[in-house]
Amino acid sequence: MQFAKLDDSPMFRKQLHALEESAEALRERCQRFYKGCRKYTDGLGEAYDGDIAFANALETFGGGHDDPISVAVGGPVMTRFTIALREIGTYKEVLRSQVEHMLNDRLTQFVSTDLQDVKELRKRFDKASLHYDQVREKFLSLKKDAKPEIVVGFEEDLRNAKSQFEQTRFNLMTALSNIEAKKKFEFLEAVSGSMDAHLRYFKQGYELLHQMEPYIHQVLTYAQQSRERANSEQVLLADRMQEYRRQMERDNQRSFSSNDVTPAGDGIQAAARSSHKMIEAVMQSTPRGKVQTIKQGYILKRSSNLRGDWKRRFFVLDSRGMLYYYRKQWGKPTDDKTIAHHTVNLLTSTIKVDAEQSDLRFCFRIISPSKTLTLQAENAIDRMDWMDKITGVIASLLNNQIPEQRPYRSPMGLHQRTGSETSTLSASSEYDGSEDTVASRAHPSGSRRDHNPRRGPKPQERPVDILQRVPGNGVCADCGASDPDWASLNLGILLCIECSGVHRNLSVQISKVRSLTLDVRVWEPSVLGYFLSVGNTYANTIWEELLPPDSRAAEDAGVRGSIDERNGSLRDVRVKPKPNDPIAIKEKFIHAKYVEKRFVRKLKVQSGAPPMARQIWDAVSSNKLQLVLRLLITGDANANTTFEQAMGASESSRSPLVSLAGALSRKGSVSQSTRSNWSGPLLPTSQTPSRPRSAASSPLRGYDLLEGPSSNEAAIADTKDLQGCNLLHIACQIGDLSLVELLLQHGAQIEATDSLGRTPLHHCVLKGKNLCAKLLLTRGSKPRAPDITGKTPLEIAVEKGASADEELFYMLSEPNR
Ligand SMILES: [Zn+2]
């Protein structure tokens, strides 16, 4: 109990002084303590940031549910752990704020208010004390003869000064005793409150993790099992490698001891016969749909080009009786589509030892009616083994002709023989010599190829890399987000993942969404070619032509800043969204753009201009892919426009030859002599100076695309018969995969027939457009559809000796088509 007596006395003053000193010492102590507390709470805050960063990193690393790496490292498990870690982070944040409040805030309060008060009050007390001393001194120095009114005045002063003095003295006492009192509970409360917060923090953390405990153990057990499995697989692999090495040593010894012998000895033939039985057994016993490899390995193959150079190729002989080789080694993981096969029809082949025009050792040949493969094994034993096994397979095939197992592979494979599709493409048709890949083939758009026929990406590029280089494709067509890796197949544009989600909700007639990286099978050369010819920039010149040009300027000027972004309905739909805009805004814009076609400038056919049917016919005939696309969208042109529709009566007055053509087509039968006249203005060749389309009245004069010659016109200049043909027939005659793809994407009927009952597939086969034929077959065209004379595409191919392209032949003859 402080202040046993309340009188002012030296003892009292001493006690006061002692208490003040103790308060001052406490202040210093508090400040040091506060520093420590501050450090601790700051640390907790940083730890929380660390927790969240860790959780985020874990989520990014393995929390995905559909990307393969995440799934491999246990995506769903990681997600669950991520959630728990975030929760623990939250507990930590709660702890920090409690310590902050209970400890730090109270300490601050104590130092800055309670202890500060003592100092203030001491100053006032000193002042009052001094004043009291002075007044008292004056009072006491009054003489005895002082006037009574002066004495009264001094007494009054003295009373006041004393009262003031006592007041400040008590105030100081109160403040000091307050501190003495607070010492006893303030810190205990603050610290034990913080300890309690810690208790709750650990309790919550424990409960959370305790609940997860069985799960964590389950995962650990699973990981342990996986580790054991992996270990035994490793051991197995090491064993197999050991065995392989031993086998190789044995083979080496054998091959060097026997050197270059011909497999003609009796013993060898006997061995061959027995192995033939084994091969036949393998081929018979392998269940349908499954394939066993009979032999595989590297063989040198001589190119059939003039250089006749040798290339090392990986050959596979399998239980279906297929012999095929891979064009090149691929470093990246692949599937059937990305490795091209070249099959050899063993059924009609014979095998001969040694090579013509070569004095190299270990050679042999596989001779079929269409071509001869000249091969060189790496040693004599290997040659003997290959020849033996291939012979065995041939024998087995001849014994059991199973037509439905005829080999055809990767119908639109990336590296298959190109045939003679168009003049430029045929330049690279020697498939041994050229190392062309997808893109240079898939570059068939007329305008592009005119400029740089061989321009194309490097080999082994992924579709996403190839397509992102097309003008405008570096950003999403709808919101401008960078590096889009989704696409709309029919629109020919690239999209970010968010916009692709919006597109997916539109009907497939409007947009067909595919992934550039995940849907690898979609990206056939024809599709790539179509995309390379369109691109986001060009597509948006159509789809966003009427978009106010200042929509971007408006953004920059902050016009949008005044609009409530959370409420998409307030946003002007005529402003192109930004990557970070809410999805509702993108949705509205995309809907207006593609469903309502609000920014498309509708093409009105003006009087005197060719009708829409004629315009699109001409665009297809001259292989102007971009123009075709524009007419389909802006003019609602029909993808199934026929020759008759294109050359309707309105055109008759424009050109005598055209009207002749129109008349002929209406009559229904054309004599051979009149047909030959058609190569004039109707389908102008590059030598024809006047082109009906360049008439001054053409409403399309503004488009550059119409100007300049097109190399593709020549391709159909010798067309003999156009009656009943539609756009797809013409595209097939031209043989441009991209153009065919464009028409198919826009609803062209694949089985439409011309007046002779011929489908587009008939036209492809007749014209030798093998790649187009394969494209149509993969899209469901029927190889057995008869024309009016009863001829099917298959029969035409047989007549034409289409075995030059075995793959096409097999596709045509497959019974399920
Ligand atoms: Zn987007």
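**Reading salt bridges, cysteines and a zinc site**

Visitor: What joins the side chains of Asp 309 and Lys 311?

Guide: In general, side chains of opposite charge can pair when their charged atoms come close. Asp 309 and Lys 311 meet in a salt bridge, with 4.0 Å from N to O. The term requires a side-chain nitrogen of Lys or Arg within 4 Å of a carboxyl oxygen of Asp or Glu. Asp 309 is partly exposed at 24% relative accessibility; buried means under 20% relative accessible area, exposed over 50%, and partly exposed in between (1.4 Å probe, protein chains only).

Visitor: What kind of model is this, and how are its residues numbered?

Guide: It is a predicted model, with residues numbered from 1 along each chain as its sequence is written. Local features need pLDDT of at least 70 and side-chain atom pairs count only at pLDDT 80 or more, while totals for chains, interfaces and linings use all residues; side-chain values use heavy atoms, with hydrogens and water left out.

Visitor: How many salt bridges does the rule give?

Guide: The count is 42. One of them pairs Arg 136 with Asp 133, whose closest N and O atoms are 2.8 Å apart. Both residues sit in helix H3 (residues 75–140), three residues apart, about one turn of the helix. Helices (H or I, at least four residues) and strands (E, at least two) are DSSP runs numbered from the N terminus. Arg 136 is partly exposed at 29%, and Asp 133 is partly exposed at 32%.

Visitor: Which parts of the chain does the pair of Asp 636 and Lys 597 link?

Guide: Asp 636 and Lys 597 form a salt bridge, with closest N and O atoms 3.4 Å apart. The pair links distant parts of the chain: Asp 636 is in the loop between helix H16 (625–634) and helix H17 (643–646), and Lys 597 is in the loop between helix H14 (583–595) and helix H15 (612–621), 39 residues apart. Elsewhere, a network of salt bridges links Arg 38, Asp 42, Glu 93, Arg 96 and Glu 100.

Visitor: How many disulfides are there?

Guide: A disulfide is a covalent bond between the sulfur atoms of two cysteines. With the cut-off for a pair of cysteine sulfur atoms set at within 2.5 Å, the count is zero. For Cys 30, the closest cysteine sulfur is that of Cys 37 at 9.6 Å, too far for a bond. For Cys 772 it is that of Cys 764 at 5.0 Å, also too far for a bond. Cys 30 is buried at 4%, and Cys 772 at 0%.

Visitor: Which residues are the protein donors of the zinc ion?

Guide: Donors are N, O and S atoms within 2.8 Å of the metal (3.2 Å for Na, K and Ca), and sites may look incomplete because water is not among the atoms. Here the donors are the SG atoms of Cys 476, Cys 479, Cys 496 and Cys 499, at 2.2 to 2.3 Å. Their spacing in sequence is C-x2-C-x16-C-x2-C. Cys 479 lies in the loop between helix H9 (463–468) and strand E8 (486–488), and Cys 496 in the loop between strand E9 (493–495) and helix H10 (497–505), so the pair ties together parts that are 17 residues apart in sequence. Cys 479 and Cys 496 are buried.

Visitor: Where is Asn 473?

Guide: Asn 473 is in the loop between H9 and E8. Asn 473 is buried, with a relative accessible area of 0%.
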